[in-house]
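Here's a quick walk through a two-chain model, starting where the chains meet and then moving to a few local details. Have the structure open as you read.

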Amino acid sequence: MSKDHTKKEMTKKAVKTSKPISQWGIAWKRFKKNKAALAGLFIEGIILFMAIFGPFIAPYPPNDISAFMEGRTREAPSWDHLMGTDYTGHDVFSQIIYGAAPALQVGVGAAVFSMVIAVLVGSIAGYYGGKIDTILMRFSEVFLVMPAFLFLIVLLKVAMTITVAGFGLGLTILVLGILGWAGDSRAIRAEFLKLKEYEFVTAAKCLGASNRRIIFKHILPNVLHLIIVLITSSIAINVILEAGLSFLGFSDPNIITWGRMIAYSLEAIRGAWWQGVFPGLAIVVTVLGFNILGDGLRDALDPRLRE
Amino acid sequence: MKELPKNVVLEVEHLKKLFPVFEKGILFSHQTGSIHACDNVSFKVEKGKTLGLVGESGSGKTTLAKTILYLFHPTSGQVFFEGIDVFKTFRSKNKQDILSLRRKMQYIFQDPYSSLNPRMTVADIIMEPYQIHRHIPKKEWPIRMYELLRLVGLEDYHSERYPHEFSGGQRQRVCIARALAVEPEFLIADEPVSSLDVSIRAQILNLLGDLQSKFNLTYIYISHDLSTVRHICDEVAVMYLGRIVELAEVNELFESPRHPYTKALISAVPTSKPGQKSNRIILPGEVPSPINPPLYCRFYPRCKYHIPICKKKDPKLEEILNKHYVSCFRGKEKLD
Ligand SMILES: Nc1ncnc2c1ncn2[C@@H]1O[C@H](COP(=O)(O)OP(=O)(O)O)[C@@H](O)[C@H]1O
Ligand SMILES: [Mg+2]
């Protein structure tokens, strides 16, 4: 009997000393086991590193055309120029590094901005329901069916003609964000519709919690996993859109972007493949990285898999 | 304010809750009827007493409880708590009045798994009522939280854990602690043990009993397990299809049930006395649909004692003996 008792005591102690595990802890454990997701995280880690430390790691300054002076334009990749030079003598490798920052800034900025709108619209529509819901969802449908890219081009063209100097990245972020929230807001609304019927929400109401408290403290934390997944794929989409826009010339000419680099490579009379292929690869790898990262997060955070 | 009879804390008058039933049309869905989940229910509960609410699943017990607490919007009827018109207060949108009423009445959910937010620690869950009501100074919050944890039989280290790390019984203890954090006077426990292991049901029920005597709480205890009801309650109301069909003091109800439905329910309770023959009454047929129920006695299709009037009129809940109410045309007879 005493043996039994000590055993009981021991298990109790074991439970006591083990650390509490949050849902996020469980998700991270699951994420760590996923090789593809880790690869995605690694890729984006490198891109982020390039974006932050670009000026320190790039072998040549942004506007360096010393190769031009030396008559080494459109030179194939070599030890001096790992990815070759373009037709005005820029080092392609350095330019790729400088292009990471604007790609991430626009991708993340637009994704976060559109998510803020999506969360506001989706949570209010889903939580309050009724007329507010109907109105907000009709409104989001307008944004869904609108030919967004066309709209974007027109807007940016107007902006480019009225601003004399470069207009930076802010406008692109703003416009992509405004055009991108509708689909996500509907996904968040659906989650709110489901969660507001849960008993823990009723329990909060019974305790006297305000609607604001219920939305932000009870429902939103349970939607956070979805928001993270949506943001990740939204970043991927916005990186492509930004590349497309700058490829078409609708971006600040003073900022080096991967899309612009591809466009310049086409302008060169005799194509030098490295001039277009490397920025193309940079875009593909970045987008792919966010997509597999998003998939990994989706699996890791899936509430159906909770223990 | 309403003057309630001495000792009465809760009075429910003609409470009705209908849920609309929709049918999908070609373009629009239109309402085809209503679920009469809770239909013209009246009763009183005295201070410090426990009213049992029994009935099969789907009879409207949860709906009744949630409507009393304004977690469902009532279709009609009134509820008075200590003389305060509950629905009027909630509709008034006066934040102070609403909060003070919320503090008085609390609810324990049937399912302790879904009634705790999976993203909050136990400490956050129990201290949330303090954030909402601010009835105690902030520096005392953790002290009070630990007191509550111990009071419901948990330990200090449980506070930083998440709901998924607990068993059903422990979760129900957390739910009880959360409800107690507002220092309520009245608690509705909606089948608090029915989703728990049989082995720990008694512990939770004992805990509820201890808390009642410690804080002089008034309870409505909802259950479909009549043996625990007999143990715990002072008065029992039997529900059938959204109606109270019989209401009496507990011993009176168990010893001389008058409604045929109550008789059937009681006959189904296993007796512990050896040698006693079980004469279980098997009800014919199924529980009818609560959607658009008949205008005559709702128990008629399953009743073997019915007389012609039962299919013509709807019986009212009448006091046939002192504090013994029955809704049956033959309630005054001793049917066997
Ligand atoms: N939110 C709801 N919407 C529609 N119908 C409901 C809802 N809640 C309960 N009902 C219906 O009301 C009736 C009573 O249910 P309930 O109160 O849960 O009974 P009990 O708690 O006695 O099992 C059932 O027919 C049920 O289907
Ligand atoms: Mg129920």
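This is a predicted model: local features need pLDDT of at least 70, side-chain atom pairs count only at pLDDT 80 or more; totals for chains, interfaces and linings use all residues.

## Where the chains meet

In terms of residues, 30 from chain B are in contact with 28 from chain A.

As for charge pairing, two salt bridges link chain B and chain A. One of them joins Arg213(A) to Glu128(B), where the closest N and O atoms sit 3.1 Å apart.

## Chain B's side of the contact

Which elements of chain B give two or more residues to the side that touches chain A? They are α3 (95-104), β6 (105-108) and α4 (122-133). Of the elements in chain B, α4(B) gives the most to this side, with five residues.

Sort the residues on this side of chain B by class and you get 14 nonpolar, seven polar and nine charged.

## A one-sided helix in chain A

Now over to helix α2 of chain A, residues 23-32, where the buried residues are Gln23(A), Ile26(A), Ala27(A) and Phe31(A). These residues cover an arc of only 135° around the axis, so they end up on the same side of α2(A).

What do the buried residues of α2(A) pack against? Their partners are α3 (35-57) and α13 (273-301), both of chain A.

## Two positive phi angles in chain B

Two residues of chain B are worth a look for their backbone. Lys93(B) isn't a glycine, yet it has a positive phi of about 65°. You'll find Lys93(B) in the loop between α2 (86-92) and α3 of chain B. Is Lys93(B) buried or exposed? Its relative accessible area is 70%, and exposed means over 50%, so Lys93(B) is exposed.

Leu241(B) also has a positive phi, about 45°, without being a glycine. This one sits in the loop between β9 (235-240) and β10 (243-249) of chain B. Leu241(B) has a relative accessibility of 3%, and the cut-off for buried is under 20%, so Leu241(B) counts as buried. To put the pair together: Lys93(B) is exposed, whereas Leu241(B) is buried.

Terms used
Residues are numbered from 1 along each chain as its sequence is written. Chains are lettered from A and ligands numbered from 1 in the order in which they are written. Side-chain values use heavy atoms; hydrogens and water are left out. Contact means heavy atoms within 4.5 Å. A salt bridge is a side-chain nitrogen of Lys or Arg within 4 Å of a carboxyl oxygen of Asp or Glu. Helices (H or I, at least four residues) and strands (E, at least two) are DSSP runs, numbered from the N terminus. Ala, Val, Leu, Ile, Met, Phe, Trp, Tyr, Cys and Pro count as nonpolar, Asp, Glu, Lys and Arg as charged, and the others, Gly among them, as polar. Buried means under 20% relative accessible area, exposed over 50%, partly exposed in between (1.4 Å probe, protein chains only). The arc is that of the directions from the helix axis to the C-beta atoms.
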